[in-house]
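Welcome, and thanks for taking a look at this one. Below is a short tour of a fold, from its strands out to its chain contact.

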Amino acid sequence: MLELKDLAVNYGSINALHDVSLTVAKGGIVTLIGANGAGKSTTLRTVSGLLKTRHGSIRYEGEEISHLPAHRIVQRGISQVPEGRMIFANLTVRENLLMGAYLRKDRNKLGHDFDSVFEIFPRLKERAKQVAGTLSGGEQQMLAISRALMSKPRCLMLDEPSLGIAPILVKTIFQKIVEINRSLGITILLVEQNANLALEVSHYGYVLETGRIILHDKCDALRANEKVKSAYLGGH
Amino acid sequence: MSSTEFIQQLINGLSLGAFYALIALGYTMVYGVLRFINFAHGDVFMIGAFCGYYLSPRLLPHFTGWLTPLGPVTVLILTMLICALLGITIEKLAYRPLRSRPKLTVLITAIGVSLFLEYGGQFVFGADPKSFPELMPDRALEGTGALTITTTQLAAFIVTVILLVALTLIVKRTRLGMAMRALSNNPTAAALMGINVDTVISFTFGLGSALAGAAGILFALSYPSIDPLMGLLPGIKAFVAAVLGGIGSIPGAAIGGIILGVVETFVGASAFSTYRDAIAFSLLIVILLVRPAGIFGRVQPEKV
């Protein structure tokens with residue numbers, strides 16, 4: 001569904017990605033793990049059209065999308081939940097969700113979609129009229145995910161959804177991610193520093209180190225891999 | 001100062017403040033989406049006054065009988081459209097190519113655009129002051145006792161209120177208005193929502209410039225001598241008003257404009273009347289010392 005080939009990206013004057021190739025199969029959950037600064041966020045930002053590629057290609061549903069501006073990428077059906085959530089702090093929860101639906105043409109169906117995200121995250125319904133900046137970190141993450149869902153994506157990219165969230169909520173968020181994948185049939189590309197958790201919920205994983213893919217395999221195999229164990233899973 | 005005199009000065013101050021508010025809104029909205037001060041904004045206000053000057057004699061004679069009141073309204077609307085187009089064009093030609101450059105580059109370009117409009121204006125319109133035509137009969141309203149309220153003051157007040165209400169509705173209720181708020185909140189997230197950032201920025205410039213154009217006409221009705229440099233002082237004062245209210249905040253710009261207008265008028269009526277123009281800048285220094293974020297502004301920690 002989504003295919004990155006020999007992707008190279010500069011971040012300022014630094015080469016942030018070198019020849020990154022990865023494939024996200026339709027209907028699956030693929031995770032990209034790696035240390036801080038390995039280039040995980042850069043990869044997602046490039047797919048979303050926020051960063052320009054130096055060379056290489058990004059193909060989505062068979063079409064080249066690497067030259068498209070960010071708003072066209074969303075239009076194609078790829079939505080991103082950015083690192084740090086980036087909710088619109090001075091808009092209400094409801095307005096945040098409406099912004100997620102910015103490109104939707106079928107505006108008469110929005111009521112139904114509000115219901116369906118509230119079904120996944122009931123807590124947001126109670127807070128619909130509240131200004132988003134007053135939500136807790138976990139609630140903001142739920143809002144960021146819901147907002148991304150409002151554009152009806154076929155492919156959802158999540159950047160560090162566990163970052164800055166109370167440990168009890170992290171588990172919930174990851175369950176919801178699996179639920180979104182299973183019940184809504186949305187393909188997921190998940191970037192995570194918490195490799196344990198990410199490999200647990202995903203089907204296939206890539207390991208990124210200083211801008212290069214050094215390893216990729218099914219998640220079960222990666223969890224058994226000695227190198228991954230010592231470097232990313234706490235070395236037990 | 002007697003109470004009648006006090007109320008009279010208050011009315012004068014409010015009507016002056018309304019002009020500042022209309023101009024200040026443009027500064028604050030552009031700052032909201034682009035984080036830079038469009039110093040050419042005061043000159044769009046001047047162009048607005050000149051639009052009124054050239055449009056009125058050509059349009060007003062066509063509105064006779066019961067259509068007469070529609071004449072000034074048409075002049076106002078056309079002026080706002082022309083100024084909106086001018087604002088959008090300035091952004092496209094001068095600022096957009098520099099979007100990824102340091103803010104200082106864009107700021108200096110804005111000063112360049114301002115000078116271009118001022119001296120281009122002198123070249124095209126002539127440098128000497130022109131007397132602005134009467135768009136409507138200017139007389140004092142009756143039944144206000146010892147107070148003097150003129151028809152132009154009343155009209156300017158009504159138009160300002162209508163524009164402020166319309167702006168609030170646009171920003172709060174429409175899709176583009178929401179996109180504007182989202183963009184000013186977080187540009188990256190706005191792009192990730194599928195918002196075409198260029199369109200929203202054009203829209204913002206159009207909206208702000210239309211308000212400045214309207215302010216130009218209303219201002220020229222009350223102070224009917226116009227020249228190509230007339231935008232300089234009101235422009236800078238409106239900038240002070242926007243900072244006073246909290247740059248980036250729409251209600252802040254409106255309130256800041258009103259406060260500045262009232263304070264200035266009272267100083268003008270006092271023994272210190274020669275310091276009238278200095279008051280805006282003293283106010284700026286005081287705000288920057290005491291509350292740099294302004295009345296409605298929030299301190300935004302600089303991300304590193």
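A:Q80 stands opposite A:M157 in β7(A), and that is a handy place to start. The model is predicted, so local features need pLDDT of at least 70 and side-chain atom pairs count only at pLDDT 80 or more, while totals for chains, interfaces and linings use all residues. Residues are numbered from 1 along each chain as its sequence is written, with chains lettered from A and ligands numbered from 1 in the order in which they are written.

**The six-stranded sheet**
- β6(A) and strand β7 (residues 155–159) of chain A pair in the parallel sense over four bridges; strands count as paired if DSSP finds at least two bridges between them.
- The sheet is open, with six strands in the order β6-β7-β8-β3-β9-β10 (chain A) and mixed pairing.
- β6 (78–81) and β10 (212–218) of chain A are its edges, each with a single partner strand, so one side of each is left without a neighbour in the sheet.
- Helix α6 (residues 137–149) of chain A lies across β6 and β7 of chain A and runs at about 170° to β6(A). Such angles run from 0 to 180 degrees between N-to-C directions, with axes fitted to C-alpha atoms, for helices over the stretch in contact.

**The four-stranded sheet**
- An open, antiparallel sheet has the order β2-β1-β4-β5 (chain A).
- Its edges are β2 (14–24) and β5 (63–64) of chain A, each with a single partner strand, so one side of each is left without a neighbour in the sheet.
- Strand β4 (residues 55–60) of chain A meets β5(A) in the antiparallel sense over two bridges, and A:Y60 has A:E63 as its bridge partner in β5(A).

**Chain A overall**
- Chain A has ten helices and ten strands, taken as DSSP runs (helices H or I, at least four residues; strands E, at least two) and numbered from the N terminus.

**Where chain A touches chain B**
- The contact takes 20 residues from chain A and 14 residues from chain B, where contact puts C-beta atoms, placed from the backbone, within 7 Å.
- On the chain A side, α2 (70–76) and α3 (93–100) are the elements that give two or more residues.

Note on methods:
Contact = placed C-beta atoms within 7 Å.
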